[in-house]
Amino acid sequence: MSRERPLQPDLLITRDFPPEGGGIARWMSEMAKRYPPGALLVSTGKVQGSQDSDPLFPNHIDRVPFPATRLKIAPGLMVWSHRVMSLVKTSKPGFIWCGNLRPATYPARWAHIRTGIPYGIVLHGGDLLTLRQGYRLARFKRLAARWLIGSAALLVPHSQWSQQLAADILQARGGPADATRLWLIPLGTDPAIFRPGIDAAPFMRAHGLPAGRWLVTVARLVPHKGMDITIQALAILRDDFPDLRYAIVGTGAHDTVLRDLAQACGVADMVWFVREVTDTALPGLYNMAEIYVGISRQTPRAVEGFGIAFLEASACGKPVIAGKSGGIPDAVRDGETGLLVDPESPPAVAAALRSLLRAPQRGRTLGEAGRQAVETFFNWDRV
């Protein structure tokens with residue numbers, strides 16, 4: 001996305017940025033790392049621990065004096081928009097990137113109206129679903145959609161699914177889906193950081209995890225991520241694979257629901273919840289896995305637009321079993337780097353897991369192909 005020797009810096013406006021976790025934050029951090037020093041200015045919100053992480057980037061991180069978690073509300077947007085205008089006046093950027101549709105596009109659009117600086121929007125799955133749901137329900141939301149994306153110079157989806165949804169939204173707002181405005185850029189990971197052969201023992205000791213054959217999911221604990229389906233599949237497999245374990249890594253509102261479900265399914269002793277994992281510990285976690293599992297499904301307002309965690313697992317040489325929904329088929333090549341399954345069917349998930357647990361060599365073959373796919377295509381250098 002960067003330009004060589006830019007005459008003016010670019011400005012990246014993003015709510016999601018380290019030390020916050022998640023795929024969007026990771027992508028935005030890679031932009032901040034890989035732009036040439038001084039070629040990018042990042043505008044984001046206050047996050048605890050940022051005073052330690054910000055100096056690690058070669059480009060300046062400007063923190064709005066407002067919590068990042070509250071930038072979506074009106075007071076936060078007002079403070080952010082004024083801050084962005086101040087940055088525009090002092091740094092005179094040549095282009096503005098929006099890390100997501102909402103809320104980042106609001107201050108970018110504000111700056112565009114006043115200065116004419118072009119902006120591009122990085123599109124994810126959930127924000128597009130929410131936008132489509134809104135314009136179907138209310139006229140003022142259709143106008144808001146037109147206002148947000150109508151003047152964008154570029155729209156950047158990261159899967160064929162999100163590209164098609166963006167095209168549908170452009171057509172629904174009364175104009176053709178201009179192909180020159182839609183840049184499909186599948187995401188990546190860093191194969192030098194995420195790689196096979198990393199000792200998982202320190203991670204397991206640190207979190208009190210026992211020996212066994214581990215399934216792993218790294219995600220926010222929210223309904224559409226599908227951990228509930230995996231827990232039900234685990235119950236089907238319990239008698240055949242008594243040494244099987246399932247690590248759910250992340251935090252979220254669905255925590256209690258998942259714990260109760262594991263108890264009800266009789267697999268509470270097989271399911272381990274790991275809350276806080278640093279980025280430096282993630283490679284060890286993936287290397288602990290025999291299979292990486294991500295059974296995400298689409299709901300009216302939530303979907304997996306791509307799934308960087310799938311690539312991180314593949315980079316570590318692990319086979320992936322994933323839900324066939326949203327943009328996941330762009331991240332997991334069915335039958336080549338992993339298996340795609342019905343994300344609403346515990347028996348289908350159990351069957352896929354059984355096929356790899358009973359044929360470890362097949363899993364290793366999928367993992368090796370996943371590693372090669374990251375080395376040759378799904379990496380940040382290509383992005």
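The side chains of arginine 371 and glutamate 375 meet in a salt bridge, with N and O 3.0 Å apart, where a salt bridge is a side-chain nitrogen of Lys or Arg within 4 Å of a carboxyl oxygen of Asp or Glu. This is a predicted model, in which local features need pLDDT of at least 70 and side-chain atom pairs count only at pLDDT 80 or more, whereas totals for chains, interfaces and linings use all residues. Residues are numbered from 1 along each chain as its sequence is written, and side-chain values use heavy atoms, with hydrogens and water left out.

Both partners of this pair belong to helix α15 (residues 360-376), four residues apart, or about one turn of the helix. An α-helix has 3.6 residues a turn, so residues three or four places apart point the same way. Arginine 371 is buried, with a relative accessible area of 15%, while glutamate 375, at 44%, is partly exposed; buried means under 20% relative accessible area, exposed over 50%, and partly exposed in between (1.4 Å probe, protein chains only). Elsewhere, salt bridges that share partners join Glu30, Lys33, Arg34, Asp190 and Asp381 into one network.

A second pair is formed by glutamate 304 and lysine 225, whose side chains meet in a salt bridge at 2.9 Å, N to O. This pair links distant parts of the chain, 79 residues apart, since glutamate 304 lies in the loop between β10 (289-294) and α12 (308-315) and lysine 225 in the loop between β7 (213-218) and α9 (227-237). Glutamate 304 is buried, with a relative accessible area of 13%, and lysine 225 also counts as buried, at 11%. Aspartate 16 forms a further salt bridge with arginine 15, their closest N and O atoms being 3.0 Å apart, and both of these residues are buried. By the same rule the count comes to 19 salt bridges.

These pairs are set in a protein with 15 helices and twelve strands, which are DSSP runs (helices H or I, at least four residues; strands E, at least two) numbered from the N terminus. The radius of gyration is 21 Å, close to the 21 Å that the globule rule gives for 383 residues, so the protein is as compact as a globular protein of that length; the radius is taken over C-alpha atoms, and the rule is 2.2 Å times the number of residues to the power 0.38. Of the 383 residues, 56% count as buried. In helix α4 (residues 105-115), the buried residues include Thr105, Pro107 and Arg109, and just after α4, glycine 116 takes a positive phi of about 80°.
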